[in-house]
Amino acid sequence: MRIRRCALLRIESREETRFDLEALLAGGTGVVSRMRWLAHAPALQAEFELDAAEVALLGETSPSDWVDAAPVRMRHGASRVRRLLRSGLLVGSTGPWASQRREDERVRALHWHGVAADYHHASRWGGIDAAGEVEDAGLHNAEGLRRAYGVPPPMLHERADGGAITVLPSAARAAYDELLDARTSCRNFDVGRMLPLTGLAQVLERTFAERGRVRGADDFDVLKRTSPSGGALHPTECYVIARRVDGLAPGLYHYLPARHALQALPMDAAGILADAGRHPVAQGKEALDYLAWIAVGGQQYFAEAHALCVLAPRFYRNFWKYRHHPKAYRVCILDAGHLSQTLLLSAAEAGLGSFVTAAINEVDIERAFGLEPWSESPLAVCGIGPRADRMETYELDPNRRAWPR
């Protein structure tokens, strides 16, 4: 049999400390440290602890060249090689390891850059009530942040080493300025009203719909949207959690930009609610309501939006062109940012409230929509809906364009 290392691997050296009374009584500080080696890879469901010999084994094994397994067994032991093969950190060429090999080959075909893959893996959440954690820590308002972290860096920044300042002419006030000033993140949706389907359709069309197409080559069309995209690839898909949309059944949908249409997707209510028991605040919620709540990290004011739009790039589309490229993942993040601003401005123009947040539980969203995290994964969630008549949750509106109503 031949072996090689898996395509993407990060090995972390982590120090863990604990208090030890005996160490304190013996004249020490009482703080005992332990160093651990932890492996992170797409094949793993969770971090995988290694011993020093396994770190050395993986460090000397090529991720690209197949080598004979016998000498590796001789140097490091057959049981150690077998354990790493079972985990998927080592890949075997023979039948017993076919499933691990197929998974590794699938990941290789996606052309991830190694450091970007590490960041993507490390920054995904699952089942996190971020809003509750922030409130418990007293960091949910400016006063709490000031107490915990001190004075923030200055809001406005001028270079001390700069020279003369040239005051620029102001643009003549136009309707576009009114629209820009009207864009305010909404935290107060009117749950007693329905979002008209025409309102949702207008925002989706102006944000995600195909606006033109050019034939680049055989089997290669170049799409135009209202927002720019690196390499004109437009990898970001829009998935919709619809709850209160007039004329649209509550459920999960995928927006089809070439047809300006929503395709209904299957919803596994039991699967969505599988982990709901860990959050007391989620008790009694229906599956769609819980999904909206967990999708935005427990930010209930955002979860009340009538429709949530999940922005999920198909990484493999970008990486088809930008293979193993250090900027490719950043371009996907920019893509989601461009689309979110277009969506928010389109919603403001339609007289609707909207928001964008990156405090999302990617794992829960992926599970609900059937997304594979290394191929297609959410980077942000936007919400759309009619504004409430009263501000129950504070919104930043210094120009007073949204409030009072």
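**Entry 1: a helix and its salt bridge**

I began with helix α5 (residues 98-108), where R108 and D104 are 4 residues apart and so sit about one helical turn from each other. Helices here are DSSP runs of H or I with at least four residues, strands are E runs of at least two, and both are numbered from the N terminus. R108 and D104 form a salt bridge, with their closest N and O atoms 2.6 Å apart. I counted a salt bridge when a side-chain nitrogen of Lys or Arg lies within 4 Å of a carboxyl oxygen of Asp or Glu. The structure holds 29 salt bridges.

A reminder to myself: this is a predicted model, in which local features need pLDDT of at least 70 and side-chain atom pairs count only at pLDDT 80 or more, while totals for chains, interfaces and linings use all residues. Residues are numbered from 1 along each chain as its sequence is written, and side-chain values use heavy atoms, with hydrogens and water left out.

**Entry 2: two domains**

Next I looked up the domains. The assignment, which is automatic or from a database, gives domain 1 (2-110) and domain 2 (134-146 + 175-386). Their centres, taken over C-alpha atoms, are 36 Å apart.

How many residues of each domain are in contact? I found 4 residues of domain 1 touching 5 residues of domain 2, contact meaning heavy atoms within 4.5 Å. Together the two domains bury about 460 Å², 62% of it on carbon and sulfur atoms. Buried area is the accessible area (1.4 Å probe) that two parts lose on being put together, summed over both. On the domain 1 side, P42, R106 and L110 supply 83% of the area buried against domain 2, more than any other three residues.

I then checked for charges across the boundary and got a count of 1 salt bridge between domain 1 and domain 2. The side chains of R106 and E372 meet in a salt bridge at 3.1 Å, N to O.

**Entry 3: aromatic rings**

I searched the whole structure and got 14 aromatic pairs. Rings of Phe, Tyr and Trp (its six-membered ring) pair if their centres lie within 6.5 Å; planes under 30 degrees apart are stacked, over 60 edge-to-face, and the rest tilted. The pair F315 and F319 counts as stacked because the ring centres are 5.9 Å apart and the planes lie at 20 degrees. Both residues belong to helix α14 (residues 315-321), 4 residues apart, about one turn of the helix.

**Entry 4: backbone details**

I noted a cis peptide bond from W403 to P404, with omega near -5 degrees. P404 lies in the segment after β16 (380-385).

H234 is not a glycine, yet its phi is positive, about 45 degrees. I placed H234 in the loop between β9 (220-224) and β10 (236-242).

Last stop was helix α8: G150 follows α8 and has a positive phi, near 80 degrees.
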